[in-house]
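Here is a friendly briefing on a few aromatic, helix-packing and backbone details. Have the model open as you read.

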Amino acid sequence: MTLIYIIAGEASGDVLGARLIAALRKARPDLEFAGIGGERMAEQGMPSLFDYRELALMGLLEVLPRIRQLKRRLQETEADIIIRQPALLVTIDSPGFTLRIAEAVKPRGIRVMHYVAPQVWAWRPGRVKKLKQKIDHLLCLLPFEPAFFEAACIPVSFVGHPVLESGVDQGNAARFRARHGLAATDQPLIIMPGSRRIEATRLLPIFGATLKEVLARNPSLRPVIPISSVVAPLVRAAAAEWPAAPILIEDLADKHDAFAAAAENGAGLIKSGTSSLEMAVAGVPHIVAYRVNPITAAIARRLIKVPHASLVNLLCAREVVPECIQENCTPEKLTGALLPLLQSAASIAAQRQGFAETLAKLRAPEGAPSEAAAKAVLAALA
């Protein structure tokens with residue numbers, strides 16, 4: 001049987017990997033899978049070499065204390081791939097780990113497809129030359145990426161963004177309000193501090209202080225936090241000190257219901273990243289925030305080549321979603337950006353116009369994103 005080895009290094013990659021496996025199995029039931037993933041990929045029958053959460057690290061200073069452990073995991077993964085000799089290696093996002101593996105095994109004749117283009121168009125574009133040496137094919141999520149990578153002679157497929165098939169726009173607001181005892185006038189505030197421990201540790205205190213300020217002006221606000229297993233203990237501990245006990249969401253369907261309720265009369269306070277696209281698909285007005293170690297931030301500022309942190313803003317080429325990054329990530333500035341989205345119909349309408357533009361650009365020419373990705377994988381096998 002044909003073996004495909006898949007590596008996902010964080011929660012979002014686990015979801016992508018699971019959808020890809022499901023789409024591939026539908027087309028080719030004879031395929032076998034091995035690699036590194038999480039619960040979602042395990043549900044599709046793929047055993048993981050080790051717990052993918054060991055790789056959910058971010059930031060230069062945050063990685064350094066774990067460098068020996070990561071090196072050991074790199075060696076274990078490389079050895080496993082060489083022993084198994086898969087027909088194709090599919091690496092998903094997490095370039096710090098996955099592309100090191102790709103670089104190690106590609107010279108041994110193993111073909112490599114990378115899913116989710118590394119944002120070299122935003123960080124040091126010159127690195128695209130090294131990427132060409134590590135992979136055979138690239139699956140892109142964003143419409144402006146193919147031209148950039150094709151210019152470097154990297155074979156590319158634009159498969160569309162997976163947020164389009166995430167179900168975030170299929171929630172039931174009435175069900176959420178009934179389940180959690182929210183009145184029609186209650187305004188849900190979706191708070192998303194990130195899926196990595198270091199992100200949540202930095203943002204939760206700031207978000208808690210912001211909630212206190214916004215509540216003073218909007219007493220009808222009801223905080224809602226979707227939590228993952230990685231950061232659940234941190235969120236529970238931080239939320240215990242907040243001025244209003246948040247509704248903690250662990251079930252995916254309940255999360256989508258919460259988005260639907262927030263789309264009616266609420267808003268979102270979220271970490272910059274893919275969550276912004278989730279908010280856009282669900283129609284939830286929101287702001288994005290981010291803060292890293294000051295040294296990491298200083299280095300990043302020298303490298304960043306794009307004008308916006310939010311993908312919604314990048315796709316619209318203007319600031320649709322307010323961005324509060326690094327020194328601007330303060331309770332005062334977050335409050336000032338958030339209040340209009342809870343009180344001003346014009347501010348909400350302007351964001352939703354940008355959301356519509358964003359979604360139109362995220363759709364691939366053919367099929368759902370996972371189906372388009374599966375077609376690219378099958379073409380590579382053929």
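**Aromatic pairs and helix packing**

Phe-97 is buried, at 8% relative accessibility (buried means under 20% relative accessible area, exposed over 50% and partly exposed in between, with a 1.4 Å probe and protein chains only). This is a predicted model, in which local features need pLDDT of at least 70 and side-chain atom pairs count only at pLDDT 80 or more, while totals for chains, interfaces and linings use all residues. Residues are numbered from 1 along each chain as its sequence is written, and side-chain values use heavy atoms, with hydrogens and water left out.

**Aromatic pairs**

- The structure holds 2 aromatic pairs; rings of Phe, Tyr and Trp (its six-membered ring) pair if their centres lie within 6.5 Å, with planes under 30 degrees apart counted as stacked, over 60 as edge-to-face and the rest as tilted.
- Phe-50 and Phe-97 make an edge-to-face pair, because their ring centres are 6.4 Å apart and their planes stand at 85°.
- Phe-50 sits in the loop between α2 (39-43) and α3 (60-63) while Phe-97 belongs to helix α5 (residues 95-105), so this pair ties together parts that are 47 residues apart in sequence. Helices (H or I, at least four residues) and strands (E, at least two) are DSSP runs, numbered from the N terminus.

**A charge over a ring**

- The charged end of Arg-73 sits over the ring of Phe-50, 4.3 Å from its centre (the criterion is NZ of Lys or CZ of Arg within 6 Å of the ring centre and within 35 degrees of the ring normal).

**Helices α4 and α5**

- Two packed helices are described by the angle between their axes and the distance between the axes.
- The axes of helix α4 (residues 67-84) and α5 come within 10 Å and cross at roughly 45°; axes are lines fitted to C-alpha atoms, for helices over the stretch in contact, and angles run from 0 to 180 degrees between N-to-C directions.
- α4 and α5 are therefore oblique to each other (under 35 degrees is roughly parallel, over 145 roughly antiparallel, 65 to 115 roughly perpendicular and the rest oblique).
- Residues of α4, including Arg-73 and Leu-74, meet residues of α5, among them Phe-97 and Ile-101; contact means heavy atoms within 4.5 Å.
- Gly-96 also lies in helix α5 and is partly exposed, with a relative accessible area of 44%.
- The C-alpha atoms of Gly-96 and Ile-110 are separated by 19 Å, the two residues being 14 residues apart along the chain.

**Helices α12 and α16**

- Helix α12 (residues 274-282) packs against helix α16 (residues 345-362) at an angle of about 110°, with the axes 9 Å apart.
- α12 and α16 are therefore roughly perpendicular to each other.
- Leu-277, Met-279, Ala-280 and Val-281 in α12 meet Phe-355, Thr-358, Leu-359 and Leu-362 in α16.

**Positive phi angles**

- Gln-85 is not a glycine, yet has a positive phi of about 50°; this residue lies in the loop between α4 and β3 (88-92) and is partly exposed at 46% relative accessibility.
- Gln-326, not a glycine either, has a positive phi of about 55°; Gln-326 is in the loop between β12 (323-325) and α15 (331-343) and is buried, with a relative accessible area of 12%.
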